[in-house]
Amino acid sequence: MNLPNYTKSKRTFQILQAFLASLFGSAVLCMLVKLWYLLKYINEAKLKDVLLQSLRFPTSLYFFGVLLLFFAFLLWNEHGTVIGRILYQYRFLIAATLWILCIVFKINSTSMASWGNFFSTDLNARGLVLGVNRGIRADEWATYTPMMLSQQYGANGAYPYFSQILRGTATDTFIVYGLPVKDIAILFRPFHWGFLFLGAEYGFSFYWCGRIIALAVVSFEFGLLITKNNKLYAFMTALLLTLSPTVQWWIGVNGLVEMMVFSLLSVLLLYRYMHTENYKIRILCGLLLVICAGG
């Protein structure tokens, strides 16, 4: 028997097995989630209709379910697959590449198209790739996002610290509302840097996608730390934190995601600082800790 060919066939089978399992697993999960949701609003007479309706789940939810389960199965069999090792070895490069692609294609998670409900033009379908616009997120699309985008129209230049737009008089936009400003204080808000260097459109994607990708990365690294390099548990840690209801509900406002990123990153930096005698690395960790503390 040719051992290299056998090993290659085995790896191919593992990948195919993971893909098929993710297809089936995602379908089951989607069905259970939707069934649980529908059962809260029905009576016994409609049980048959509810069971049939539970089979019709959103394509976007199913797609992400397949994707997440596929990577989970690959990481589970990491020692037997090349892909798992590649994903782990180049995880930072993959995250950075994904962030850049999101910025280039101006991807964000705003529900700003909900403004279409107040105009004759239907805005809900414009530019929507996945999911739906959620009107209940008025704190984001009707409050924080317009405030953030208004910063580029400052009377005395773009991104002023004190804006004349929000209330018709000088208003502190950095401390009170946490908006991007052209000030040294922005050093402690790295996810706002994109507005200053890339403009409002690309900066908006820099802000939205950067925070969620950063949270996933630092959560994974934190999971590796507390589980003594168990990659599967670290992956589950990243999923549980990044996709938690609290994070997803407050993702657009209040700086919750930033606080979690800076908190987890500060622990990782402190651990790195205490486990190295290289003073260049220590100085770098110290500087980043200052940004985390300010953030």
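User: Let's start with I100. Is I100 buried or exposed?

Analyst: I100 is exposed, because its relative accessible area comes to 53% and the cut-off for exposed is over 50%. Keep in mind that this is a predicted model. I100 sits in helix α5.

User: OK, salt bridges next. How many does a search of the whole structure find?

Analyst: The general idea is that side chains of opposite charge can pair when their charged atoms come close. Here, the search finds four salt bridges. One of them pairs E221 with R91, with 2.5 Å between the closest N and O atoms. E221 is in helix α8 and R91 in helix α5, so this pair ties together parts that are 130 residues apart in sequence. Both E221 and R91 are buried.

User: Which residue meets K106 in a salt bridge?

Analyst: That's E201, at 3.1 Å from N to O. E201 is part of helix α8 while K106 is in the loop between α5 and α6, so the pair ties together parts 95 residues apart in sequence. As for accessibility, E201 counts as exposed at 54%, and K106 is partly exposed at 34%.

User: What about D139 and R137, how close do their N and O atoms get?

Analyst: The closest N and O atoms are 3.7 Å apart, and the two residues form a salt bridge. D139 counts as partly exposed at 27% relative accessibility, whereas R137 counts as buried at 10%.

User: Now T171. Where is T171 found, and is T171 buried or exposed?

Analyst: T171 is in strand β2, residues 171-172. T171 is buried, because its relative accessible area is 4% and buried means under 20%. The T171 side chain also makes a polar contact of 2.9 Å with the side chain of R167. Leaving aside residues up to four places away in sequence, T171 touches Y161, F162, S163, L166 and Y177.

User: Zooming out, how many helices and strands does the protein have?

Analyst: There are 12 helices and two strands. Along the sequence the pattern is α-α-α-α-α-α-β-β-α-α-α-α-α-α. Of the protein's 295 residues, 35% count as buried. The protein exposes about 18,200 Å², with carbon and sulfur atoms supplying 68% of it.

User: Last one: which elements have the lowest and the highest mean pLDDT?

Analyst: Helix α2 (residues 47-53) has the lowest, at 61, and helix α11 (residues 256-274) has the highest, at 95. The average for the protein is 81, and 76% of the residues score at least 70.

Methods
Residues numbered from 1 in each chain as written. Predicted model: local features only at pLDDT ≥ 70, side-chain atom pairs only at ≥ 80, totals over all residues. Heavy atoms only, no water. Helix = DSSP H or I, 4+ residues; strand = E, 2+ residues; numbered from the N terminus. Buried < 20%, exposed > 50% of the residue type's maximum accessible area, 1.4 Å probe, protein only. Polar contact = N/O pair within 3.5 Å; in protein donor to acceptor, adjacent residues only side chain to side chain. Contact = heavy atoms within 4.5 Å. pLDDT = per-residue confidence, 0-100. Areas by Shrake-Rupley, 256 points an atom, 1.4 Å probe, with all protein chains shown as cover. Salt bridge = Lys/Arg side-chain N within 4 Å of Asp/Glu carboxyl O.
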